[in-house]
Amino acid sequence: MAVTKMFGASVKRREDPRMITGRANYTDDVRLPGMLSMVILRSPYAHARIKSINVEKARQMPGVVAVYTGKDLVESLAPVPCAWLPPNSDLKVPEYRALAVDTVRYVGDGVAAVVAENRYQAQDAAAAIEVEYEMLPAVVDQEKATQAGAPQLYPDVPNNTAFVWRLAGGDIDAALRDADVVVSQRLINHRLIPTAMETRAAVANYNPGSGELTLWCTSQNPHIHRLLMSAVTGIPETKIRVISTDVGGGFGSKIPFYAGEMIAAAISKDLGRPVKWVEDRRENFVATTHGRDHVDYVDIAAKQDGTITGIRVKAYANMGAYLSTAAPGVPTWLFGLMLSGPYKIPNISVEVHGVLTNTTPTDAYRGAGRPEATYILERMMDLVADRLGMDPVEIRRKNFIAKEEFPYTVATTLEYDSGDYEAALNRALEIVGYEQFRKEQEAARQQGRLLGIGFSTYVEVCGLAPSQAAGAMGFQGGLWESATVRVHPSGKVSVFTGSNPHGQGEETTFAQLVAEELGVPLDDIEIVHGDTGRIPFGMGTYGSRSTAVGGTALIYAARKVRDKGAKIAAHLLEVSPDDIVFDQGRYYVKGAPDRVKTFQEIAGAAYLAWNMPEGVTPGLEETHFFDPINNTYPFGTHVCVVEVDPATGEVKFLRYVAVDDVGNVINPMIVDGQVHGGIAQGLAQAVYETAVYDENGQLLSGSLMDYALPTASMVPTYEVDRTVTPTPVNPMGLKGAGETGTIASTPAVVNAIIDALKPYGITHLDMPLTPQRIWKAIQESQKGS
């Protein structure tokens with residue numbers, strides 16, 4: 001698609017003014033007459049039997065309206081659902097109640113809910129509830145949880161193993177047997193806490209007169225929330241409205257359906273009054289889903305010339321105490337399918353053990369499975385290069401899928417749509433000045449300075465599709481998206497999308513797409529999302545799918561509008577529709593551009609309906625549902641340059657170069673912002689962030705005093721660039737950009753630090769590479785030498 005004034009323009013984000021001036025309408029901003037505040041009392045123990053709960057003192061406290069325990073809600077609420085059920089994996093889904101009934105299984109498990117006239121009264125009353133616990137042994141490590149004698153979370157889940165999932169392509173045993181070199185490594189992809197700016201929140205308002213429930217909540221997929229709310233409460237979908245317009249970040253943590261909004265809805269229905277619940281940051285840390293937490297055993301087979309012939313992975317994925325909404329799909333399909341990366345690896349085998357532990361449940365976190373796969377590949381490529389004495393750039397180049405080989409089907413069965421991996425690598429090498437850097441690095445080592453450079457040549461899958469594939473993977477939903485384009489009589493346009501942006505900028509980019517298609521001013525277009533009472537059913541926003549899938553749906557809807565307008569214009573201009581040309585908001589007769597009707601004139605005519613062509617109905621509004629035929633596959637090369645202080649282990653970032661290929665770009669400024677934010681998250685995993693539990697299941701990194709969320713001073717200045725390889729999967733030729741930075745950056749940073757430590761013979765360290773961990777490794781290597 002040709003880049004024009006709107007498509008490809010760096011338009012400032014239209015949603016930002018209301019957000020940066022405090023005028024956005026988040027869930028906590030909702031104020032309703034008679035609204036009560038709810039507080040959830042959470043377990044301080046990771047594993048314990050509830051012997052008794054005494055709520056009488058709490059009930060008598062000022063302002064308290066009601067107190068509920070798990071037993072009080074058993075009849076009104078079904079268990080929290082799990083919506084991704086991988087087939088052929090011996091899946092066991094343990095019962096997950098909104099409030100624990102007899103056993104708590106992680107620190108933060110809900111025990112009781114208090115509703116009062118205000119939050120402070122509810123908090124005081126919750127503190128007055130007396131719970132007698134019988135302590136049970138806990139297990140937090142996923143490998144230990146599967147061993148004989150480990151504490152068992154559920155009697156019907158032997159060895160705490162919720163599923164064992166396998167995928168294979170080729171003959172991995174033959175590849176390992178016949179290899180010149182086999183490199184084996186245990187890799188840890190540690191646990192992270194999403195830490196969105198806005199914590200989770202819900203306002204439930206049940207109307208006893210109409211039987212309708214309105215739920216304001218922080219959701220990446222409001223219609224899925226509505227569907228699941230109906231399933232757990234028994235309230236018909238038609239009587240539930242979910243509103244989630246402004247969302248202060250999600251990073252995957254606002255995909256799941258949580259206990260909090262279920263409890264608020266049930267209590268509102270019971271009391272006939274609105275109920276608000278907003279978690280505080282401590283609660284967010286212990287009760288909102290976490291991400292990653294893999295232990296991976298990897299064997300990679302190679303020839304002496306660096307050709308990779310196979311890879312085998314055995315993964316232990318920590319699922320936490322329960323299976324969250326999409327949790328089983330993350331370490332299985334989203335991880336295993338991407339173990340070929342940008343490389344021609346003919347033999348691949350992966351086995352994933354999904355393990356239950358006494359920790360907060362895990363689910364999607366920015367990248368969801370793809371970062372874990374990319375980390376394995378990019379670390380192993382460096383390890384193989386080191387074993388063979390090869391340059392890490394050349395081993396990657398040697399194994400790339402060539403651009404003329406696309407579409408290319410990898411051993412895990414995915415068909416990559418398009419790519420030119422070498423072009424992105426070459427551009428990154430050019431920007432960073434690779435050959436010159438190696439000379440500078442050698443000179444620095446002679447002076448005792450530790451410089452390092454790390455690469456990540458990645459490919460990811462996003463715009464997840466099609467729905468038929470989702471069904472085969474056990475995903476209990478579709479992967480299509482919807483859009484309605486409504487032209488008003490004045491020619492103004494409302495676009496209703498099933499996607500639900502929560503920071504990505506689609507209120508701007510979607511308006512750019514419609515302006516491009518209809519030739520109307522950007523300011524004449526409003527984007528409506530996040531309200532099931534106004535928008536058509538949609539699957540939501542995750543997996544970098546909003547623009548690739550949701551944007552395509554609105555383009556097709558806009559084209560239907562444009563085509564209907566052409567029929568009306570032809571009738572008014574008394575010519576055949578084939579003789580009408582549409583250009584920049586004008587319908588004119590081919591060869592006679594002075595015979596013209598503007599888009600606004602056609603809109604007015606469509607609604608007046610005084611003179612309509614035969615068979616054409618009044619109005620100018622169209623809806624389209626788009627189900628892609630394939631995923632899209634962004635790719636690129638990220639390069640990190642660091643200096644490590646051998647005396648302290650401190651890492652200083654000298655440069656960070658990112659060359660991404662996300663296909664055609666609607667708004668370069670917004671894409672750059674997405675990449676910047678993604679790199680910050682992936683870099684932070686490499687050196688700063690980690691969720692740490694003690695052996696009793698207490699979250700030691702349970703606040704922003706203990707969890708190292710990066711500030712601006714802790715990340716480098718980014719040098720971003722792009723190559724452009726359009727995808728054939730959608731009419732825009734774009735691929736998605738929301739997760740590329742997170743997927744690519746983590747291994748680039750780790751590889752750079754390990755490269756800097758090469759003089760000490762250090763070939764691998766587990767993340768996060770904190771100064772203490774680096775310093776300790778240097779000291780141990782010196783003792784050994």
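Which residues in H11 meet which residues in H20? Before I answer, a reminder that this is a predicted model.

From H11, the residues are Arg 370, Pro 371, Thr 374, Tyr 375, Glu 378, Arg 379 and Asp 382. On the H20 side, they meet Ile 743, Thr 746, Pro 747, Val 750, Asn 751 and Ile 754. By class, the residues of this contact comprise 6 nonpolar, 3 polar and 4 charged.

Now the geometry. Helix H11 covers residues 370-388, and helix H20 covers residues 740-756. Their axes come within 8 Å and cross at roughly 30°. Angles under 35 degrees count as roughly parallel, and H11 and H20 are therefore roughly parallel to each other. The crossing of H11 past H20 is right-handed.

Next, the second topic, the second largest pocket. How much space lies in it? About 780 Å³.

The lining of the second largest pocket consists of 30 residues. Nearest the centre of this pocket lie Asp 141, Thr 690, Ala 691, Val 692 and Tyr 693. Four elements are on the slide as giving two or more residues to the lining: helix H5 (142-145), strand S8 (181-192), strand S13 (291-302) and helix H21 (771-784). Which element gives the most to the lining? That is S8, with 4 residues.

Sorted by class, the lining of the second largest pocket has 12 nonpolar, 10 charged and 8 polar residues.

That's it from me.

Notes: Residues are numbered from 1 along each chain as its sequence is written. This is a predicted model: local features need pLDDT of at least 70, side-chain atom pairs count only at pLDDT 80 or more; totals for chains, interfaces and linings use all residues. Side-chain values use heavy atoms; hydrogens and water are left out. Axes are lines fitted to C-alpha atoms, for helices over the stretch in contact, and angles run from 0 to 180 degrees between N-to-C directions. Angles under 35 degrees count as roughly parallel, over 145 as roughly antiparallel, 65 to 115 as roughly perpendicular and the rest as oblique. A crossing is left-handed if the near helix is turned anticlockwise from the far one by less than a right angle, and right-handed if clockwise. Contact means heavy atoms within 4.5 Å. Ala, Val, Leu, Ile, Met, Phe, Trp, Tyr, Cys and Pro count as nonpolar, Asp, Glu, Lys and Arg as charged, and the others, Gly among them, as polar. On a 1 Å grid over the protein atoms alone, a cavity is a set of points where a 1.4 Å probe fits but cannot get out, and a pocket is an open set with protein on both sides within 12 Å along at least five of seven lines; lining residues have an atom within 4 Å of a point. Grid points are joined across faces, edges and corners, and a volume is the space filled by probe spheres set on the points.
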